[in-house]
Structure formats: C-alpha cells, structure tokens
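Me: I would like to learn how to read a model of this kind, one feature at a time. Could you take me through it?

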Amino acid sequence: MKNDSPVIHLDLFGQELKLDDIVAFPENNTMSIGKIVKINPKMIKLTTIKKAWRKDKLIYANQCILLDGQEVTMYLLRNS
C-alpha cells in the first residue's frame, strides 16, 4: 500500500524545508547557494545559483541550512 502523506524534511538546525526555499549546502570543499526545486521521499533536489556548469544536485536535507531573505539578498547583491 502506498503512503500518500506529505514528506517533511528538516535542515541541519531542524527548520522545515519547503519547495522554492533558498539553502546553503556543501559542494566540492566550498559552500554553495541553491533553490529547492523538488522534494523526494529521501532527498531534495537543488538548482544552484550562479553556477552554469552544474545546475541540479540531489542532497540529503540534513546537509543544508535554510537561509533567510536578508542573507539571500546580500549574497545576490555582492555576487552579481
């Protein structure tokens, strides 16, 4: 029997992650910024911001941190 209950993922600090949230996550010994584009039962799919060579990445939810709107705005202003 299939379980149709919604999947709830929590970040490293225990904050609930939703579709279209902006998160920071580890990638190749650095931190990257990405947007959640899909929520799977075990992992979340991210699209990285400011990286043209690698767009999508699957990671576990506890490997990322949810970012606030002010932090995202400052990142985009400094790196655009």
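Me: What is the mean pLDDT of the protein, and which elements have the lowest and the highest mean?

Reply: pLDDT is the predictor's confidence in each residue, from 0 to 100. The mean for the protein is 86, and 90% of its residues reach 70 or more. Among the elements, helix H1 (residues 69-78) has the lowest mean, 78, whereas strand E2 (residues 16-17) has the highest, 94. Helices (H or I, at least four residues) and strands (E, at least two) are DSSP runs, numbered from the N terminus. Where pLDDT is low, the predicted coordinates should not be read in detail.

Me: Why does Met31 count as exposed?

Reply: Buried means under 20% relative accessible area, exposed over 50%, and partly exposed in between (1.4 Å probe, protein chains only). Met31, which is placed in strand E4, counts as exposed because its relative accessibility is 56%. Val37 also lies in strand E4 (residues 30-39), but Val37 is partly exposed, with a relative accessible area of 37%.

Me: Which residues does Val37 touch, leaving out residues up to four places away in sequence?

Reply: Contact means heavy atoms within 4.5 Å. With that exclusion, Val37 touches Leu19, Lys45, Leu46 and Thr47, and Met31 touches Ala24, Phe25 and Pro26.

Definitions and conventions
Residues numbered from 1 in each chain as written. Predicted model: local features only at pLDDT ≥ 70, side-chain atom pairs only at ≥ 80, totals over all residues. Heavy atoms only, no water.
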